[in-house]
Amino acid sequence: MPSILSISGVEKHYNSGLSALGGVDLEVERGEIFALLGPNGAGKTTLISIVCGTVTMTSGTVLVDGHDIVKDFRAARATIGLVPQEIAIDIFATVWNTVRFSRGLFGRAPDPAYIEQLLRDLSLWEKRDSKIIELSGGMKRRVMIAKALSHEPDLLFLDEPTAGVDVNLRRDMWALVRKLRDKGVTIVLTTHYIEEAEEMADRVGVIDKGRILLVEDTAALMEKLGKRRLKLVLQHAMATIPAELADWPLELQAGGSQLLYTFDANAEGTGIPALLRRLGELGIDFKDLDTERSSLEDIFISLVERS
Ligand SMILES: Nc1ncnc2c1ncn2[C@@H]1O[C@H](COP(=O)(O)OP(=O)(O)OP(=O)(O)O)[C@@H](O)[C@H]1O
């Protein structure tokens with residue numbers, strides 16, 4: 001069986017002269033949740049739009065379930081569901097009609113039982129007779145998801161699914177994504193939140209400036225790039241870091257009231273016990289401590305440094 005999505009040598013140069021994608025190769029496996037992780041402007045939306053046929057690529061090949069998206073667009077597109085970033089729907093139609101109609105557009109026979117289950121899964125059933133215009137922003141997003149799933153696609157794209165979304169919708173969305181995956185649907189999501197990729201994805205592809213920097217199992221990536229930070233909230237603020245602590249790369253922040261220590265979570269020793277002992281010897285007390293993972297930005301910096 002061919003991969004569900006096979007992208008090779010895809011370039012996109014806009015008329016403005018801007019090169020949004022500079023030769024992207026990517027294989028998405030059947031049944032996985034794949035996160036495309038990258039900062040604003042990295043080319044995530046452009047890549048998804050090319051696969052879904054709303055942007056034309058300058059060069060390259062894209063196969064969806066073996067169908068070439070240029071030569072065999074209808075068959076390729078029928079396999080795909082897309083939840084775009086922007087809400088784009090007829091605001092005067094009802095929820096039920098919007099979703100039912102969308103299924104018909106892909107040439108699928110009506111299946112009211114399927115649509116009902118979909119609306120129930122998305123907590124939209126009570127709103128089925130409401131017009132889109134009467135719905136809250138979160139409800140409109142739910143309708144966009146229902147619409148994307150109306151024709152039972154094998155490959156679902158979620159472009160920045162949780163940007164500006166409330167906690168309830170996020171929770172429902174993740175539950176739905178997992179349920180779809182269990183049913184065999186492949187999911188590709190874009191995000192610039194590393195936590196989101198980590199929580200949801202089986203594999204992660206990091207994209208920046210129109211190029212894929214790496215593709216990796218999520219767990220392996222998190223481990224590889226696992227810089228962590230220890231934050232100590234000091235009892236008494238300090239003006240400078242004492243010379244006795246020069247062995248540790250420390251930073252002061254929050255007006256000298258917090259001490260920040262960045263360490264490699266995979267190293268043999270983190271250096272933390274020795275640091276804490278030294279602080280004790282120097283009589284530097286702290287009232288709280290916390291560890292956090294490095295941000296996506298740090299990860300990019302370390303990736304760029306490595307290449
Ligand atoms: N229609 C267009 N014409 C010219 N340039 C464009 C067009 N659409 C996007 N771009 C540019 O292409 C680059 C990639 O944009 P894209 O929207 O794909 O990034 P992204 O990773 O999805 O970012 P975001 O998270 O902000 O959506 C950006 O520099 C953007 O300004």
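The entries below go from the whole chain down to single residues.

**Entry 1: the whole chain.** I started by noting that this is a predicted model. I counted 10 helices and 14 strands in the protein chain. Along its principal axes, the C-alpha trace spans about 75 × 45 × 40 Å. I then looked up burial, and found that buried residues make up 32% of the 307 residues. For contacts with a separation of 6 or more, I noted that 71% join residues 24 or more positions apart.

**Entry 2: domains.** Where is the protein chain divided? I found domain 1 at 5-223 and domain 2 at 227-306. Their C-alpha centres lie 39 Å apart.

**Entry 3: an open sheet.** I followed 4 strands that form an open sheet with antiparallel pairing, in the order E2-E1-E4-E5. Strand E2 (19-28) and strand E5 (67-68) are the edge strands, each pairing on one side only. Inside the sheet, I looked at strand E1 (residues 5-13) and strand E4 (residues 59-64), which run antiparallel and are joined by 5 bridges. I also marked Ile-7, which stands opposite Val-62 in E4.

**Entry 4: the nonpolar core.** I turned to the largest nonpolar core, which has 62 residues. Which of its members touch the most others? I wrote down Ala-35, Val-51, Val-64, Ala-146 and Phe-157. A reminder to myself: in soluble globular proteins, nonpolar side chains tend to be buried together.

**Entry 5: helix H9.** Last, I asked why helix H9 (residues 272-281) lies largely in the open. Of its 10 residues, the number buried is 0, so helix H9 lies largely in the open. A residue needs 20 or more other C-beta atoms within 10 Å of its own to count as buried. Just after H9, I noted that Gly-283 takes a positive phi of about 70 degrees.

Conventions
Residues numbered from 1 in each chain as written. Predicted model: local features only at pLDDT ≥ 70, side-chain atom pairs only at ≥ 80, totals over all residues. Buried ≥ 20, exposed ≤ 12 C-beta atoms within 10 Å, placed from the backbone. Helix = DSSP H or I, 4+ residues; strand = E, 2+ residues; numbered from the N terminus. Pairing = 2+ DSSP bridges. Domains from an automatic or database assignment. Core = buried A, V, L, I, M, F, W, Y, C linked by C-beta atoms within 7 Å. Contact = placed C-beta atoms within 7 Å.
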